[in-house]
Amino acid sequence: MTYSYDQNNIFAKILRGEIPSKPILESEHSVAFMDIAPQKQTHILVIPRGPYRCFDHFTEEASAAEQVDFYQTVAKVAKAHGLSEAKGGEGFRIISNSGKNAHQEVPHYHMHILGGEPIGPLVQ
Ligand code: 5GP
């Protein structure tokens, strides 16, 4: 499949510095920042720097280095924010909405990291 990518989506603008964000962590291929409308006490987004629309696009076309960097950034953020049980935290949930049925609102691939309090059932 050929994937389109909207260069004017909100996360593309954040990557270009055109709109502000509250940065958490930056790596070679990924950026983490606070969600503007947190759903839980901790709600962080991790995005790749590359122009990937959704999970399928990212896993099909991003390099191995980009993919490893992305998931390692998610892991680093969870540890740095005391969410990981490995670091004495009480756990967290990672969610990635991909496409229409998942209600993906921003068409730039991203992972939500939710924690700091009980998250509740997987699907409500
Ligand atoms: P999705 O539904 O695409 O999985 O989630 C998009 C997320 O992006 C939502 O949780 C929403 O609050 C967040 N979001 C939307 N616009 C902005 C923005 O301008 N800045 C930040 N930091 N987050 C945003």
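This is a predicted model: local features need pLDDT of at least 70, side-chain atom pairs count only at pLDDT 80 or more; totals for chains, interfaces and linings use all residues.
**Notebook: ligand site and pockets**

I started with where the ligand sits: the space it takes up is the largest pocket.

Next I looked up which elements form the shell around the ligand. Those that give two or more residues are α1 (10-15), β2 (30-34) and β3 (42-48). The largest share, 3 residues, comes from α1. By class, I get 10 nonpolar, 6 polar and 2 charged residues in that shell.

Then I went for the neighbours. There are 18 residues around the ligand, and M34, D35, E105, H110 and H112 come nearest.

D35 has a polar side-chain atom 2.5 Å from a ligand oxygen, and H110 puts a polar side-chain atom 2.8 Å from an oxygen atom of the ligand. For I36, a backbone N or O atom lies 3.3 Å from a ligand nitrogen. How much of the ligand does the protein bury? Taken alone the ligand exposes 520 Å², and 86% of that is buried by the protein.

Back to the largest pocket itself, for which I noted a volume of about 710 Å³. Its lining has 25 residues, with D35, I36, H43, L45 and H112 closest to the centre. Two or more lining residues come from each of α1, β2, β3 and β5 (111-115). I sorted the lining into 14 nonpolar, 8 polar and 3 charged residues.

Last, I checked the second largest pocket, which holds about 300 Å³ of space. Residues lining that pocket include Q39, K40, R93 and I95. Its lining divides into 6 nonpolar, 2 polar and 2 charged residues.

Definitions and conventions. Residues are numbered from 1 along each chain as its sequence is written. Side-chain values use heavy atoms; hydrogens and water are left out. A residue is near a molecule or strand if one of its heavy atoms lies within 4 Å of it. A polar contact is a pair of N or O atoms within 3.5 Å; within protein, one must be able to donate a hydrogen and the other to accept it, and residues adjacent in sequence count only if both atoms are side-chain atoms. Accessible areas come from the Shrake-Rupley method with a 1.4 Å probe; for residues, only the protein chains shown count as cover. On a 1 Å grid over the protein atoms alone, a cavity is a set of points where a 1.4 Å probe fits but cannot get out, and a pocket is an open set with protein on both sides within 12 Å along at least five of seven lines; lining residues have an atom within 4 Å of a point. A molecule sits in a cavity or pocket if more than half of its atoms lie within 2 Å of its grid points. Helices (H or I, at least four residues) and strands (E, at least two) are DSSP runs, numbered from the N terminus. Ala, Val, Leu, Ile, Met, Phe, Trp, Tyr, Cys and Pro count as nonpolar, Asp, Glu, Lys and Arg as charged, and the others, Gly among them, as polar. Grid points are joined across faces, edges and corners, and a volume is the space filled by probe spheres set on the points.
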